Amino acid sequence: MFIGTVCPIFTNQKFQNLFSPLYFKGFFITKSLICCFIFFTNQDADLSVYKKAHENCGLHYTKMKKYLLLISLIPAFVIHLQAQDREIITYDTIVEMSVIKRTVIEKKIIDAEGNEQTLPTETREENTTSQQIIFEDKNPQSTQLQSIVKETPPPSAPATTTVSGDVRGGTGIIQGRVYNALNNEPIMFANVVIEGTSVGATTDLDGNYAITGLKPALYNVQISYIGFDEKTFYEIQVSNSRPTTQDFALEETTAELEEVVVRASPFRKTEESPVSLRTIGVAEIQRNPGGSRDISRVVQSLPGVTSTASFRNDLLIRGGAPNENRFYLDDVEVPNINHFATQGASGGPVGLINVDFIREVDFFSGAFPANRGNALSSVFNFKQKDGRNDRLGLTATIGASDAGITLEGPLGKKTTFLASARQSYLQFLFQAIGLPFLPTYNDFQAKVKTRFDQKNELTFIGLGAIDNFSLNLDRGFSRLADIENPTQEDLDAVEGEQYLLDNLPVNEQWNYTNGLVYKRYAENGFWTFVLSRNMLNNTATKYENNTDNEDDLILNYKSQEIENKLRIEHTTRFDGFKLTYGTNYEYAKYNNTTFNRISTPAGPFTVNYAAEFDFHKYGLFGQISKKFVDDRLVLSLGVRTDANSYSDEMSNPLEQLSPRFSLAYAFTERLSLNLNSGIYYQLPPYTVMGYKDENGTLINKENGVSYIRNTHAVAGLELNTASDSKITLEGFYKLYDNYPFLLRDSINLANLGGDFGVIGNEPTVSNKQGRSYGLEFLFQQRLYKGFYGIVSYTLGWSEFEDKNGDFIPSSWDSRHTMNLVGGKRFKRNWELGMNWRLQSGLPFTPFDIERSSLIENWSVRGVGLLDWERLNTERYAAIHTLDMRVDKKWFFKRWSLNLYLDIENIYGNALKQDVLLLDRDELGNAQIDPNNPAAYLTKLLTTDNGTTLPTIGVVVAF
């Protein structure tokens with residue numbers, strides 16, 4: 001490993017005049033050795049102290065850097081020999097060291113085939129030291145290439161090396177910056193290497209690097225430097241058409257250099273969250289079979305994640321409900337990441353985040369950091385890439401249901417942008433194949449980032465969606481007259497269409513999130529200021545028999561949720577501690593007008609109210625972490641508290657005190673024990689808080705609804721292998737308190753949220769408990785010799801109290817869930833992936849056929865009513881599905897093309913569900929029960945939702 005270190009030593013200019021050059025050099029070298037000894041034995045040493053101590057001596061130290069550089073390599077080489085497990089590459093020779101104030105740089109790269117590439121000429125006016133490293137290839141099968149650098153002073157452009165082995169032969173470039181994650185300072189002379197090769201580069205004085213001459217492909221890149229934790233970033237896509245810009249932030253390590261024991265894991269694990277954290281790269285999202293480039297579907301391959309129906313993106317994490325998840329986009333909180341969202345929950349059928357923006361995703365299923373509040377089951381941190389800074393770029397995507405375009409490029413020397421728009425054409429497809437509903441969605445996304453200087457940067461984040469859901473009234477019994485001699489199959493199909501037309505509303509929904517993120521870096525930390533606003537507008541209408549007659553109105557719903565947020569955080573390190581603390585404030589407003597005819601056990605009932613309220617929310621948080629025992633032991637202690645002005649029950653911050661503790665201990669360099677426990681709080685949905693009774697009273701405020709409390713305990717073992725894979729085994733236990741209980745139907749809110757519509761808008765009290773517990777196994781193989789894969793298994797239980805106080809299975813109680821995901825990259829940029837999933841059947845509540853059949857009830861809802869007295873007493877059959885995806889990529893000089901075939905549910909397996917329908921004659925007329933004139937004749941029809949869904953997609957990038 002090449003290590004370059006410069007220790008600034010100053011002496012007086014008069015000594016240069018009084019003493020001979022020989023004496024002076026001896027004096028300088030002696031003091032340099034002392035300084036280097038201090039630096040290499042004490043990583044916390046601040047050399048500016050030594051610099052100031054010698055300023056009076058007046059030595060122009062930059063003239064002596066070439067001696068110091070040579071001296072510093074001696075202890076560096078000794079340390080290198082003592083840390084063979086950290087070795088990536090070795091240096092063969094060091095050539096050309098010069099000191100010139102005015103720098104004019106000319107660079108030329110010549111590979112083994114004689115291809116020449118000339119880099120831009122640069123001029124730099126400053127005193128620097130030049131060094132060019134020629135790496136010795138440790139792979140005897142690699143072809144040795146030559147790197148020629150012609151320069152009059154040291155380079156200000158990053159040092160580069162040409163490529164060798166099976167990665168050479170292209171014009172692709174990986175470039176970027178390596179910097180200290182704490183203070184944004186550049187890391188000089190860090191190693192940036194293509195994993196498994198000697199191909200790489202060292203960073204220059206500004207932390208910049210460039211690896212050129214790469215063949216278009218996916219590469220794993222390793223970054224290392226003494227005093228910082230090593231990192232590996234996986235599957236970075238390189239193409240000929242554009243340089244790949246990838247910045248790397250390294251965390252400082254507290255380990256003594258000669259005591260390096262813990263091997264850097266290829267998987268992300270933070271001090272605050274050493275357990276239950278998974279990091280998902282953009283390549284994993286893009287290529288996931290059956291995932292449709294949607295993160296909500298990709299994450300279902302991980303342990304602890306259960307799904308509902310195959311056409312929805314509801315995330316059920318460790319037995320929790322869909323409304324217990326929180327999402328952050330570059331530090332900006334986003335309430336929901338799906339189109340056609342269920343208000344009061346977080347799911348929907350289609351994701352709205354553009355995967356072309358994503359760099360990686362951190363998924364926390366436990367051990368939430370203290371700066372992330374209002375979550376009970378999971379936290380998602382979406383990290384977006386920056387726009388390219390060389391020229392305008394374009395990516396166009398056409399999939400099975402939508403088409404989108406992404407633009408990126410520079411807006412100036414310090415500003416870059418990303419912007420995208422997407423529109424669906426599902427409505428045309430659904431109308432063509434004769435479905436009774438026509439969904440349309442559009443989304444927009446933008447990121448603009450300005451780096452004022454090395455210490456200050458400002459980012460704008462924008463995300464929005466417009467969704468419309470209309471009915472295709474040409475279907476159902478209106479088309480029965482066009483069918484000659486209808487068969488029973490025709491009648492069943494028509495009945496199914498009419499059932500949907502009778503109960504689905506016409507829906508329009510739009511939402512947006514805008515945010516500004518300002519980061520201010522200091523010497524030992526950084527400040528983050530986040531100012532954001534988000535809004536949801538949701539409307540739905542329904543008429544009996546789908547007329548526009550006001551007398552037939554069943555549902556007229558209009559609601560808005562508006563949040564304005566400010567969060568201030570400060571992260572700093574001192575004496576080996578990492579401290580994060582801050583505060584958040586939020587002003588929220590909720591509007592609702594509801595007219596809804598419903599059926600209750602007591603008979604039909606009309607809900608008619610208008611609600612409007614606003615309130616203030618605030619919180620404080622702090623978390624401190626430290627490594628001990630040569631970095632083998634990591635401890636983290638955090639606390640946060642939240643309160644609001646909605647009611648007295650939630651106004652005392654001490655009532656929502658939320659401590660958390662994490663521990664990680666490395667038994668060996670690859671095996672570790674990870675623990676976490678914590679108490680977390682979450683507000684009830686606004687639909688609960690804003691419900692009014694017939695007297696105009698916020699009845700749930702009067703009922704004392706409060707924060708939901710959840711106590712977590714997680715323990716696990718983690719084994720990292722030598723082939724970039726890991727094996728984890730985790731056990732978890734979650735205990736819920738103060739969960740909302742819906743009084744009208746006498747059920748726990750935790751059982752709802754996996755369907756369309758609105759949940760929680762009825763009388764509620766906060767007095768029920770719940771629990772979920774289980775065991776998770778994960779084997780994950782990062783891209784290694786062309787292979788990648790995941791094997792996950794979850795054994796879990798999810799139970800909540802019923803109206804009698806008994807624990808019964810919740811609607812998300814899937815006992816067994818298994819995923820097998822695997823893929824292989826072949827030559828000529830072919831790739832094949834498979835995804836097989838097995839899940840136990842979820843519990844469900846059967847129909848109350850007698851009550852549903854009553855004419856007064858059916859005319860209100862047009863759908864069967866559930867028998868809540870038998871809540872979740874039955875269970876669906878287990879289901880398994882197989883998805884497959886084939887990708888082929890072409891890389892041209894100025895553009896690239898990706899074609900893919902994605903086949904979801906290859907063998908058409910189905911989730912069989914019973915639907916209650918009216919018994920109709922051949923003309924479509926409902927039949928009256930001869931034994932009860934007040935009721936219809938009904939029947940149960942078993943539906944089969946299993947369909948094979950092939951998708952041919954095209955992605956073009958310029």
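Which residue in β22 does Y328 stand opposite? Y328 stands opposite N381, within a predicted model in which local features need pLDDT of at least 70, side-chain atom pairs count only at pLDDT 80 or more, and totals for chains, interfaces and linings use all residues. Residues are numbered from 1 along each chain as its sequence is written, and side-chain values use heavy atoms, with hydrogens and water left out.

**The sheet**

- Five strands form an open sheet with mixed pairing, in the order β14-β21-β22-β17-β18, where strands (E, at least two residues) and helices (H or I, at least four) are DSSP runs numbered from the N terminus.
- The edges are held by β14 (277–281) and β18 (332–334), each of which has a single partner strand, so one side of each is left without a neighbour in the sheet.
- From one strand to the next the twist averages 25°, with axes being lines fitted to C-alpha atoms and angles running from 0 to 180 degrees between N-to-C directions.
- Strand β17 (residues 325–329) pairs in the parallel sense with strand β22 (residues 378–384) over five bridges, pairing being assigned if DSSP finds at least two bridges between two strands.

**Helix α7**

- L426, Q427 and F430 are buried in helix α7 (residues 426–433), buried meaning under 20% relative accessible area, exposed over 50% and partly exposed in between (1.4 Å probe, protein chains only).
- Seen down the axis of α7, the buried residues fall within an arc of 95°, so they line one face of the helix; the arc is that of the directions from the helix axis to the C-beta atoms.
- F428 and A432 are exposed on the other side of α7.
- The buried residues of α7 pack against β25 (415–424) and β26 (437–453), contact meaning heavy atoms within 4.5 Å.
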